[in-house]
Amino acid sequence: MNSSIAFLFPGQGSQSVGMGKDLRQHYAIAKQTFQEADDALGIKLSQLCFEGPEDQLRLTENTQPAILTVSVAAWRVLDEKGIRPTFLAGHSLGEYSAHVAASTISFADAVRAVRNRGRYMQEAVPVGTGSMAAILGMSLEAVTGVCSDAAQGEVCEAAAVERAVKLADERGAKRAKVLPVSAPFHCSLMKAAQDRLALDLQKLTFSAPAAPVVCNVDAVAVTAADTARAALVRQVTGSVKWNQSVQWLIAQGAQTFIEVGPGKVLCGLMRQIDRSKKCVSVEDGASLTKTLEFVTAETA
């Protein structure tokens, strides 16, 4: 099973000005991908990826289609090189990239859907009302306890987040910090966004994924069209069970993990989840070359 490959697609926070530019310059399929995104959205998304400005790229309704487009461009280049995954998974927004790679949904539909997803999420909660935190090195049960105790009768998805970070620190978390995001994603405050997105996704054509895609909300693979659609809807208010998703992939025999898209956030998380598993990334020509060499050596 050593050749079992899982593609991992990054989510929001992995964006940076200049992402995808190298791929666009050197690979015709990547150039075509950026053109498709610009055409589908009717805006110069490619220019925003390559040149910024950063404050515009950081707007959720721009960030989400931008990361998706760079991820799909990187995946298409890998696909041309004959590197195919046994499994796919994506962190939050990255689940859409995974479904494009699995032919569950078309790229044009996905890029329009995530632009709306970003806008709906931002509009669901006034700026400054909600907040998010990352807690590392703590069991799910312990984190749940921290959130429950911090809530003090509120939703632990607003003012209570800072209390939760302080409690997690006191209870031995390796790291706990409030995240620099513009809205509190993946919680009950996003219910209005979830309802709007559900109507959009219902109108789109979904097919059965060509390879199993691990969904964030359940940390198991979806293999049917309707299940895939429902998982993307539930994901808006549901927690991202990333640790459990990766553990599921490992249990299924995944040996090599390739982060497909901008940044190396998921490779960093992999080191914390299971250091024995190798995670390589593809976001430009140099990282592609390294990954191809590694995969060739692994499967030789």
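Helices are DSSP runs of at least four residues, numbered from the N terminus. In this predicted model, helix α5 spans residues 60-80 and includes Q64.

Q64 has a relative accessibility of 0% and therefore counts as buried. The side chain of Q64 makes a polar contact with that of R117, at 2.7 Å. Leaving aside residues up to four places away in sequence, Q64 touches Q12, L93, V114, R117, G118 and M121.

Helix α5 also packs against helix α2, which covers residues 28-41. Two packed helices are described by the angle between their axes and the distance between the axes. The axes of α2 and α5 come within 8 Å and cross at roughly 150°. The crossing is right-handed. On the α2 side, the contact is made by I29, A30, T33, F34, E36, A37 and L41. On the α5 side, P65, T69, V70, V72, A73, R76, V77 and E80 take part.

The structure holds three aromatic pairs. One of them joins F87 and W248 in an edge-to-face arrangement. The ring centres of F87 and W248 lie 5.9 Å apart, with 85° between the planes. F87 belongs to strand β2 (residues 87-90) and W248 to helix α12 (residues 242-251), so the pair ties together parts that are 161 residues apart in sequence. F87 counts as buried because its relative accessibility is 9%, under the 20% cut-off.

Another ring, that of F294, has a charged neighbour. K278 lies over the face of F294, at 5.7 Å from the ring centre.

Technical notes: Residues numbered from 1 in each chain as written. Predicted model: local features only at pLDDT ≥ 70, side-chain atom pairs only at ≥ 80, totals over all residues. Heavy atoms only, no water. Helix = DSSP H or I, 4+ residues; strand = E, 2+ residues; numbered from the N terminus. Buried < 20%, exposed > 50% of the residue type's maximum accessible area, 1.4 Å probe, protein only. Polar contact = N/O pair within 3.5 Å; in protein donor to acceptor, adjacent residues only side chain to side chain. Contact = heavy atoms within 4.5 Å. Phe/Tyr/Trp six-rings, centres within 6.5 Å; stacked < 30°, edge-to-face > 60°. Lys NZ or Arg CZ within 6 Å of the ring centre and 35° of its normal. Axes fitted to C-alpha atoms, helices over the stretch in contact; angles between N-to-C directions. Left-handed = near helix turned anticlockwise from the far one by under 90°.
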